[in-house]
Structure formats: C-alpha cells, structure tokens
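Subject: Structure handover and notes

Dear colleague,

I am passing on the structure we spoke about, with the sequence alongside. Please have it open while you read the notes that follow.

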Amino acid sequence: MTDPMTDPMTDPMTVSAPVLPTTGRLRPLSLADVRITGGFWGRGQDVNARATLGHCLRWMGREGWLDNFRAAAGGRIARDRRGREFADSEAYKLLEAAAWERARPGGVPPADAAGVAALVAAAQEPDGYLGTAFGRAGQAPRYSDLEWGHELYCAGHLIQAGVAQARSGGGPLVGVARRLADHVCDTFGADAPGPGLCGHPEIEPALVELARETGEQRYLDQAALFLDRRGHGALRRAEFGAGYFQDDVPLRAATVFRGHAVRALYLAAGAVDVAVETGDDELLAAVVRQWEATVARRTYLTGGMGSHHLDESFGEDFQLPPDRSYCETCAGVASVMLAWRLLLATGQPRFADLAERTLFNVVAASPAEDGRSFFYTNTLHRRGRSTVPDPEAASPRAASGLRAPWFAVSCCPTNVARLLASLGGYLATTDETGVQLHQYADAELTAALPDGRRLRLRVATGYPVDGTVSVQVTEAPGGPVTLSLRVPEWARAGAVLTAPDGAGRPVAPGVAAVTREFRPGDEVRLALPMAPRWVAPDPRIDAVRGTLAVERGPLVLCAESVDLPPGHEVDALRVDPRVPPADENGRVVVRAELAGAADLAWPYPPHQGPDAPRAPAEDGFRAVLVPYHSWANRGPSTMRVWLPARDPDRGGTRCVSGTEEGTAEGDAARS
C-alpha cells in the first residue's frame with residue numbers, strides 16, 4: 001500500500017482504481033491500463049469529460065455551493081451559506097471524477113478542478129473537521145443532527161476524492177482526507193457517546209478504501225464499528241421508520257435491502273469492503289443473501305431500484321409500479337458499485353450481469369445526449385407530456401418527464417460523472433489463471449498477471465447494438481493463460497465462442513474460457529444472439545400483469561409517442577404477442593394496434609362478456625421501439641416499457657400475467 005502523504009505516481013506500481021481489495025477472488029485492472037477507445041461507452045466518456053464535468057462545476061459555482069468553502073474559510077459561513085446541508089458532497093464527487101479523468105489514458109480533467117480542490121482544503125479546520133453546514137459561529141453544533149445532517153456522508157465523499165487523487169497523481173485532498181479520517185476516528189471511536197453513526201451511509205466504504213491505500217488499521221476498524229452499530233434503533237426515528245436508515249435490523253440479520261435505496265446500497269458496499277478485508281465470510285454471505293432477494297423481488301426490469309417517491313425507498317416485495325418507479329439514478333450508480341465489489345469478492349458473473357443491465361438502462365439513461373441535462377428519477381411509464389425545464393433554473397428532483405440541467409438536490413449528475421470517468425476500471429480483472437472480461441466496449445487493455453507476465457488485448461465490438469465481441473491478443477505473456485469472457489444471462493441460446501484456431505462452440509450463460517499459449521494476433525470471438533425478444537413479468541407484480549416488454553441484447557426497449565401516428569399516446573398501444581419482435585434495418589418493431597376508447601362518466605362499468613360490442617381499434621401497424629436509455633431526447637413525449645397485449649376478445653389471445661394461454665394461437669406463439 002502507498003502512503004497518501006506522498007505522491008504515489010512516483011511509484012510505477014501504483015494502481016489507479018476506485019476499489020482495490022487486498023484479497024478476493026478477482027483483482028481489478030488499473031485505469032491507466034484500460035483505454036476505452038470508442039463505441040457506446042467511448043462516446044459516453046467523451047461527453048462526460050468534454051461537457052458534463054464542466055457543466056456540473058459551473059452550476060455549483062452558480063448556485064453558490066463552491067462559495068460555501070470560501071465563506072467557511074473567511075468566517076462568514078453562517079450568513080452566506082447556500083444549498084442543502086449535503087451540498088459539499090457534490091463538489092467532492094466532482095473532484096473524485098476529475099481525479100479519475102486524470103488517471104484514464106487520454107482523459108482531460110476540467111482546468112478549474114485544481115482551484116476547487118484548493119478551496120476545499122482551505123476550509124478544513126485545525127482538528128481535521130471539514131464541513132460548511134455545521135459547527136461554526138451561528139450554526140448548529142457539529143454532529144447535532146446525525147440523522148439528517150449528512151456530515152459523515154459528506155466526509156465519506158471527501159475521503160473518496162482524496163483516495164482518487166492519491167491514485168491519480170496526488171493533490172491537496174490527499175492529506176485533507178487523512179486528517180478528516182483521523183478526526184472521524186477520534187470522534188466516533190469505540191468510546192463515542194450517542195448513536196455514533198450517520199443517517200446516510202457512505203463513510204463506511206470510504207474509510208475501507210483509505211485503509212487499503214494507507215495501511216492504517218484504525219480506518220478499517222472504524223468502518224466495521226459503524227456497521228456493527230447500525231440496526232439497533234440508535235438513530236432518532238424518522239416518519240418513515242427506522243428501516244429508512246437501515247437501523248431496524250442488524251446488518252447480519254437482514255434478509256433484503258429495504259428503506260432508502262441509496263442508503264441501503266452504500267451500506268451494503270461498505271459491508272462487502274469490510275467483509276473482504278477482515279475475512280468475515282458470514283458478513284459477506286449476509287450481503288449476498290440480501291442482494292439475491294432484492295434482485296428477485298424488488299428490482300425493475302431496467303435494473304433500477306426504489307419504487308417509493310415519498311421516501312426514495314424500496315417498496316415491498318413485487319411492489320414495482322412502472323408509472324411510479326423512482327429508480328433514482330444514484331441508486332443505479334450505487335448498485336453498480338455494489339455489484340462490482342461482489343464480483344471481485346466472489347468471481348460470480350451474475351453480479352456483472354446486473355451491473356451491465358443497470359449501466360445500459362439506468363446510468364446511461366440519466367444524461368442527455370449532450371451531457372448537460374439529467375434524469376434524477378427514471379420512470380418506466382410516462383403518461384403525460386412534460387413541459388420543457390427552464391435551462392436557467394434548478395428543477396425539482398423528482399421530475400422525470402424531461403432531463404433537467406440541474407436540481408436543488410443534484411447528487412445524481414455528479415454520481416454519474418464519477419462512474420463514467422472511472423468506467424475503464426470496471427471492464428476486466430485478473431486472477432492466478434489469467435484475464436476476465438466482464439463488460440464489453442472498444443478498448444485496449446494491459447493486464448499484469450500475478451506471476452509477473454503481461455497480456456495485452458484489443459477489444460473491438462459494436463455492443464450493445466451488435467453482439468460480436470472480438471478480442472485480439474497484441475502482446476502474449478508466454479506460457480498458457482486463460483482468457484475468460486462473460487456470457488450474459490439473457491443470452492440463453494445461440495451464443496458462440498470461437499477460439500484462435502477457428503473452432504467455434506456454443507456457450508451457455510456464465511463464463512466462456514479459452515486456455516492456451518497465446519501469440520500476438522490470436523483472436524477470440526464471442527457472438528451473442530441479438531434478436532429482440534419478448535419479456536414477461538412475474539405474475540406477482542400486480543402493476544404490470546397482462547403486459548409484455550421487449551429487450552434486445554442488454555437493452556430494455558420502450559415505446560415513445562413520437563414514433564406513433566400523430567395524435568396518439570402510448571397508452572393506446574396494444575401489442576400482439578403472437579408475432580415476435582423484429583429487427584428491421586436496425587429498428588426494432590412489434591406488431592401492434594391503437595385501441596379506441598371512449599370516456600365514461602364513471603370509469604368502472606359493469607363487466608361485459610366477450611360478445612359485447614367494443615370500440616374498434618385502428619388497423620394494425622408496425623410500432624417502432626427505441627432503447628429506453630435514449631427516450632426523451634426528442635422533446636416532450638409519453639413513454640412506456642411494459643406494453644399491454646392485444647385485447648383477448650378481439651385477437652383470440654388471452655394474456656394472463658404476461659403469458660398466452662387458452663387458444664391455438666396462444667399455443668403457436670409459445671412454440
């Protein structure tokens with residue numbers, strides 16, 4: 001481990017990555033050894049660097065959040081402070097993003113990031129405390145509102161920014177982070193009075209990462225202590241109950257993620273970090289158990305998590321209404337971070353499967369194509385057309401009809417920015433046998449194997465539009481090595497792996513591997529089936545019973561009103577499940593009709609039999625579906641992911657819980 005009080009880049013062995021466990025099944029690659037060269041994620045990283053980072057910094061300056069640090073250093077913070085109590089954390093996340101941008105090959109961090117870091121450092125108090133919302137003259141005392149004050153949450157994000165600077169060339173936050181962590185340990189150690197934990201988890205993974213970077217045991221011990229304190233009702237009860245803070249059940253005894261979704265996922269990430277570093281298999285198993293239950297019963301098709309708007313929380317099992325889906329972007333980012341940690345700890349590809357789903361359908365959906373407006377929440381069904389947000393005003397955070405340039409609570413844009421800047425660190429890993437590819441993008445990778453050998457690869461792919469992933473060896477290590485490629489869970493039939501000798505073989509979801517002595521120029525090719533496919537919901541999800549969705553590769557698709565005949569909205573759409581979705585010249589289409597409907601004085605008429613007259617539907621047509629992540633880039637529209645099936649009394653197909661039954665046509669559709 002390196003000492004963050006020095007410049008780590010003087011050590012050529014420094015690894016720049018957001019998560020660096022000292023043990024585990026897999027080892028991450030350094031950002032410096034992964035260059036995303038183009039394609040879907042190359043464009044995403046380019047837009048993030050060229051537009052999003054500067055956009056966020058300008059808005060934080062405009063809203064006065066950066067001036068808070070000047071005011072704190074200048075003794076006028078009680079009079080001049082602006083923004084919510086956690087506004088400091090947005091500057092920290094952007095500084096973390098800037099550090100990862102500096103670490104990635106070809107990355108260009110915003111020029112004013114260094115000045116912002118200096119502002120933050122100047123606001124630190126002599127005992128290490130750093131925060132602009134509490135503790136100075138005219139403000140509430142430090143840590144007087146642990147439930148809602150977010151002081152330790154903000155400290156966690158500052159520490160993560162410091163670790164990022166330590167792993168990407170140094171900077172003023174390196175020492176700031178360590179002094180702040182020492183202050184946290186001194187204040188909240190084993191003898192701390194009161195509840196001794198924060199209402200919003202985040203400090204826990206930050207302290208573990210700082211312990212990994214410095215070798216300082218007390219940081220790891222403090223993170224473990226915060227975890228052990230939670231779940232005993234120590235925090236003052238909120239109107240949403242102790243479960244909102246995950247303070248209702250001890251972490252090891254919980255069976256599912258519950259409460260505020262972002263809090264729950266950050267807490268789980270910290271628990272995995274502690275479990276890995278301490279060898280606590282029981283704690284790791286508890287998080288895996290909770291993740292499994294949450295994915296099976298409390299996760300949307302997109303990978304989004306959180307169905308309650310009022311408290312931004314998970315709902316009960318199978319409570320997943322599409323038109324009230326909250327699916328906060330920050331929860332998507334946190335889910336990816338958790339899945340990555342679980343993948344590193346266990347090596348199981350199912351965690352990379354969920355990360356892929358969430359990256360393409362939640363994280364990628366948040367920023368607009370130009371990287372200067374964002375979704376805070378990610379609905380799966382928009383019933384009415386939204387008004388265009390004021391480009392000069394911060395928007396309410398829950399608005400999800402169109403992306404907004406900024407929010408009064410703007411945690412999501414900065415969270416997306418730091419994930420995209422560090423995305424190269426989530427693509428591949430190594431172990432004693434070789435190299436594993438988990439996410440697919442045009443990229444060049446250098447993998448240092450544990451025995452000192454080196455394998456260089458060039459990945460070329462049109463993913464997620466095209467299903468062919470070509471991996472070419474550009475430098476071989478000598479001697480046998482295993483190259484593993486993840487076969488996504490959705491690729492249940494038709495995936496083929498072709499080895500350098502030209503022999504192809506079908507592969508099932510999981511891991512497909514080639515072991516051999518590679519030579520420069522050798523190519524391994526994975527071909528994934530990309531035909532669009534119907535997806536049916538679990539019948540226990542009441543809100544979408546009788547509907548179907550369409551996926552193509554890792555992408556969830558949706559219908560958007562701009563693709564319908566003029567004058568129609570998506571709620572009139574009915575799809576024919578007997579006709580498979582088709583790919584027509586790069587466009588996915590489904591056979592559909594627009595159902596007629598007449599307004600009634602009372603919307604609950606008596607049930608009528610199948611022979612009763614009905615409002616006629618318009619003639620069937622090919623309805624175009626688009627990737628969910630791209631919706632709302634063409635102006636105000638209505639949208640839906642889950643599409644009602646044709647009226648069974650008109651088309652002979654009875655759709656019950658997303659499956660056809662009861663007619664010959666239904667049997668044919670199933671075959």
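Five strands form an open sheet with mixed pairing, in the order 1-4-5-9-12, where helices (H or I, at least four residues) and strands (E, at least two) are DSSP runs numbered from the N terminus, and two strands pair if DSSP finds at least two bridges between them. At its edges stand strand 1 (27-28) and strand 12, each of which pairs on one side only. Helix 13 (residues 349-363) packs on this sheet and touches strand 9 and strand 12, and its direction makes about 50° with that of strand 9; such angles run from 0 to 180 degrees between N-to-C directions, with axes taken as lines fitted to C-alpha atoms, for helices over the stretch in contact.

Before going further, please keep in mind that this is a predicted model, in which local features need pLDDT of at least 70 and side-chain atom pairs count only at pLDDT 80 or more, while totals for chains, interfaces and linings use all residues. Residues are numbered from 1 along each chain as its sequence is written, and side-chain values use heavy atoms, with hydrogens and water left out.

On confidence, the protein chain averages a pLDDT of 92, and 92% of the residues score at least 70, pLDDT being the predictor's confidence in each residue, from 0 to 100. Over residues 1-13 the pLDDT is below 50, and this stretch has 32 contacts in the model beyond near neighbours in sequence, a contact meaning heavy atoms within 4.5 Å. Residues 649-671 also have a pLDDT below 50, with 42 contacts beyond near neighbours in sequence. Where pLDDT is low, the predicted coordinates should not be read in detail.

Strand 9 pairs in the parallel sense with strand 5 (residues 434-437) over four bridges, with Gly434 partnered by Thr482 and Leu437 by Leu485. Strand 9 is also joined to strand 12 (residues 510-516) by seven bridges, and these two run antiparallel; here Val487 stands opposite Gly510.

There is also an open sheet of seven strands, with antiparallel pairing and the order 2-6-7-8-13-10-11. Strand 2 (34-36) and strand 11 (504-506) stand at its edges with a single partner strand each, so one side of each is left without a neighbour in the sheet. Direction ignored, neighbouring strands of this sheet are turned by 20° against each other on average. Within the sheet, strand 6 (residues 443-448) and strand 7 pair in the antiparallel sense over six bridges, and Ala448 has Arg454 as its bridge partner in strand 7.

Leaving aside neighbours within four places in sequence, the contacts of Trp41 include Leu359, Phe360 and Tyr440.

The buried residues of helix 11, including Leu283, Val287 and Trp291, pack against helix 9 (217-229), helix 10 (261-278), helix 12 and helix 13.

Lastly, some backbone details in loops. A cis peptide bond joins Tyr463 and Pro464, with omega about 10°, and Pro464 lies in the loop between strand 7 (454-461) and strand 8 (468-475). Cys327 has a phi near 45°, a positive value in a residue other than glycine; this residue sits in the loop between helix 11 (281-297) and helix 12 (329-346) and, at 1% relative accessibility, counts as buried.

Note on methods: Buried means under 20% relative accessible area, exposed over 50%, partly exposed in between (1.4 Å probe, protein chains only).
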